[in-house]
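Me: Can you walk me through this model? I'd like the domains, then the sheet, then the charged pairs.

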Amino acid sequence: MKTPRAERLVDMTHYLVERPRTLVPLTFFANRYSSAKSSISEDLTILKKTLKERGVGLLETIPGAAGGAKFYPYILEREADEFVNDMLKQVNDETRVLPGGYVYLSDLLGKPSVLRQVGRLVATEYLNTDIQAVMTAATKGVPMAAAVAEQLNVPFVIVRSGENKVTEGPTVSVNYLTGSSKHVEKMELSRRSLPTGLNILIVDDFMKAGGTINGMKTLAKEFDSDVKGVAIFAEGRAQERQVDDFTSLLHVDTNLDSGEVIKVQFGNYKQNIFRGRENKIVRS
């Protein structure tokens, strides 16, 4: 029985949004709704226009026998600014300051609504990049990495410090220099968790000097992988930075000379995500 167009549009939207960056053949939809491919093509044209106008994402339609539709989630600049401004107000609280100049963020990065927006924001920067895996360090960065991986529809892997656990199996380990204390530490990753030769996106919740990020970059090289970018929820103040190329949503200064305990500003996300020519579509 042929499915009415209104029902097709609702179901197609849900199906595509739940499977970002996945090519869905027209034949699949035609069989699913007992409809002609010409009708499915018309439906996709409607969805493409609506998703773009609403700032939900880009629907790519690929012609030909092997063609179909592929959905890329993104966020418009005005919605991103509203979200980051809300995060700025919530983080700008002196009770969040921890020893060593770190900032408590676990409550925010434990909220599905926050993680969903963070994932969309990071995915927007890599709208035209073939990211194949997300990498983060245990444990605070895991929720954010999972949210980004969901929007990119790729696996995420967790780098761990300390001694190898039997449940991890054979591992690859590297030594790295911490950014703040200048101590040599070790991090490792199970060999089975990450295939070699992938395009990697490194994600973490907070970065000061960037020692942990730099360690993950070194570890990625051991898997013959190419680090395509680094995404940080909040960057702290550091006298020396080991990592220069990264995108942050927030910039946080703590224990300032002026007597203020904390000062939070916008990170560099606007320049990195919304000012490139390739991302012209997501500007408001």
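**Domains, sheet and salt bridges**

Reply: The C-alpha centres of domain 1 and domain 2 lie 33 Å apart. This is a predicted model, where local features need pLDDT of at least 70, side-chain atom pairs count only at pLDDT 80 or more, and totals for chains, interfaces and linings use all residues. Residues are numbered from 1 along each chain as its sequence is written, and side-chain values use heavy atoms, with hydrogens and water left out.

Me: Where do the domain bounds fall?

Reply: Domain 1 covers 5–73 and domain 2 covers 77–274. The bounds come from an automatic or database domain assignment.

Me: How many residues does each side put into the contact?

Reply: Domain 1 gives 8 residues and domain 2 gives 11. Contact here means heavy atoms within 4.5 Å.

Me: And what area do the two domains bury between them?

Reply: About 740 Å², with 40% of it on carbon and sulfur atoms. That is accessible area (1.4 Å probe) that the two parts lose on being put together, summed over both.

Me: Which residues of domain 1 lose the most?

Reply: Pro20, Arg21 and Pro73 do, together 70% of what that side buries.

Me: How many salt bridges are there between the domains?

Reply: The count is 0. A salt bridge needs a side-chain nitrogen of Lys or Arg within 4 Å of a carboxyl oxygen of Asp or Glu. Over the whole structure, the search finds 13.

Me: Give me one of those. Which residue does Asp11 pair with?

Reply: Arg32, with the closest N and O atoms 2.7 Å apart. Asp11 sits in helix α1 (residues 5–17) and Arg32 in helix α2 (residues 26–33), so the pair ties together parts 21 residues apart in sequence. Helices (H or I, at least four residues) and strands (E, at least two) are DSSP runs, numbered from the N terminus.

Me: Switching to the sheet. What is the strand order?

Reply: β1-β3-β2, an open sheet of 3 strands with antiparallel pairing. Two strands pair if DSSP finds at least two bridges between them.

Me: Why do β1 and β2 each have a side without a neighbour?

Reply: β1 (24–25) and β2 (57–62) are at the edges with a single partner strand each, so one side of each has no neighbour in the sheet.

Me: What about β2 with β3? How many bridges?

Reply: 6, in the antiparallel sense, with β3 at residues 68–73. Glu60 has Lys70 of β3 as its bridge partner. Gly57 stands opposite Pro73 in β3.

Me: And the hairpin of β2 and β3, which residue takes a positive phi?

Reply: Gly64, near 100°. This hairpin has 5 residues between the strands.
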